[in-house]
Amino acid sequence: FMLRLSGSNANLKADLFGFDPNTHTVIKDMESWHCEGIFDASLAELIELCSVIFHKMRLSETYRTEDEVTVNFVKSICGQYRVTNPYHNFLHATSVMHMAYKMVKSASIYPLSQFEILAMLIAAMCHDVDHTGKDNDFEIQCQTELAITYNDLSVLENHHVATCFRISRQSERHNIFANLETKQYKQARKIIIDCIISTDMKNHFSMVSNIEKSGDLEKDNRETTAMNLILHACDIGSLLSPTPMAEKWTERVLTEFSEQAKACYENGISVPAHMADLTSRSKQCKLQVDFIDYIVH
Ligand code: AMP
Ligand code: ZN
């Protein structure tokens with residue numbers, strides 16, 4: 001489909017997923033900010049959307065990655081997102097990646113190199129891979145295997161990064177970094193680690209206050225700060241969608257929170273205040289208003 005979209009060698013891989021780009025809504029919508037068709041897309045269509053974003057952003061030229069390797073990598077990452085999670089699943093990952101794609105294409109964004117943009121987009125797609133559907137506090141309080149592995153520090157985010165690189169190294173057919181020089185690989189790896197670790201909500205207020213204090217990006221590490229901010233903004237940006245879409249995201253987040261609340265009871269640990277009593281409509285609305293006022297705004 002990549003070759004088909006680029007208009008060359010039309011027959012070679014036309015049937016990789018069997019979609020016609022003219023009738024494939026999510027690809028047709030991909031240049032709109034909200035990509036409205038995304039909620040109706042199958043996993044195969046989401047895989048195609050992520051792969052097409054990499055194709056359009058020239059991963060094959062910049063990282064010298066074969067298209068087939070890109071698709072294998074995207075498929076494996078998708079496979080490691082848990083379909084049982086109402087919110088932290090591959091739809092959320094694709095939506096965050098798509099929003100980051102739209103942001104870097106917008107003229108007013110801080111200029112980043114193609115190499116940096118691609119590393120950030122990889123981070124976006126992988127930023128919640130193999131999410132457990134619980135938050136870091138739950139992992140730490142229950143002293144799960146992940147909390148022990150990562151010593152209670154950004155437990156889930158460390159796991160997402162490690163899963164991303166583990167998948168890239170599982171075989172040559174998955175290694176999107178295989179043709180980078182050592183120095184370039186280290187650079188891409190550093191960006192992906194920084195970006196994903198920065199999605200830990202515990203960094204939110206320091207990130208916001210740093211940018212508010214200086215009024216601009218600090219000179220020393222402008223690119224890193226810009227990439228971290230873009231990914232974090234996209235990660236918490238679902239409520240900026242048109243209302244019918246925003247409501248769907250909210251419903252998914254609240255369902256996942258309610259499931260964690262139940263798991264807290266079962267494990268004898270306290271339920272975080274924002275996850276308690278979410279069957280109450282007024283509590284749901286208050287949570288959304290607070291999230292917008294204190295975090296998103
Ligand atoms: P992440 O876990 O990487 O997706 O980080 C984003 C976090 O923002 C989520 O884990 C939620 O805790 C929070 N979040 C996102 N959307 C909402 C929402 N609509 N209401 C409340 N919290 C939200
Ligand atoms: Zn996320």
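Helix α15 comprises 16 residues (281-296) and, at 1.5 Å a residue, should span 22 Å; its end C-alpha atoms lie 21 Å apart, which agrees. The expected span is taken as 1.5 Å times one less than the number of residues, and helices are DSSP runs of H or I with at least four residues, numbered from the N terminus. The model is a predicted one, in which local features need pLDDT of at least 70 and side-chain atom pairs count only at pLDDT 80 or more, whereas totals for chains, interfaces and linings use all residues. Residues are numbered from 1 along each chain as its sequence is written, and side-chain values use heavy atoms, with hydrogens and water left out.

Within α15, Gln-284, Leu-287, Gln-288 and Ile-295 are buried, a term that denotes under 20% relative accessible area, with exposed meaning over 50% and partly exposed the range in between (1.4 Å probe, protein chains only). Viewed down the axis of α15, the buried residues fall within an arc of 95°, so they line one face of the helix; the arc is that of the directions from the helix axis to the C-beta atoms. Ser-282 and Tyr-294, on the other side of α15, are exposed.

The largest nonpolar core contains 80 residues, and those with the most contacts inside it are Tyr-63, Phe-90, Ile-122, Met-125 and Phe-177. Such a core is a set of buried Ala, Val, Leu, Ile, Met, Phe, Trp, Tyr and Cys residues joined through side-chain atoms within 4.5 Å. Helix α7 (residues 114-126) gives the most to this core, with 11 residues. Beyond its neighbours within four places in sequence, Ile-122 is in contact (heavy atoms within 4.5 Å) with Phe-54, Tyr-63, Phe-73, Cys-164, Ile-176, Phe-177 and Ile-192. A second, separate core of 5 residues includes Ala-147, Tyr-150, Val-155 and Leu-156.

A search of the whole structure finds 0 disulfides, a disulfide being a pair of cysteine sulfur atoms within 2.5 Å. The sulfur of Cys-164 is 3.7 Å from the closest cysteine sulfur, in Cys-126, too far for a bond. Cys-164 counts as buried because its relative accessibility is 0%. Cys-264, at 1% relative accessibility, likewise counts as buried.

Asp-29 is found in the loop between α2 (25-28) and α3 (43-56). Residues up to four places away in sequence aside, Asp-29 touches Cys-35, Glu-36 and Gly-37. The side chain of Asp-29 reaches the backbone nitrogen of Gly-37 at 2.9 Å.

Definitions and conventions. Chains lettered and ligands numbered in written order. Helix = DSSP H or I, 4+ residues; strand = E, 2+ residues; numbered from the N terminus. Polar contact = N/O pair within 3.5 Å; in protein donor to acceptor, adjacent residues only side chain to side chain.
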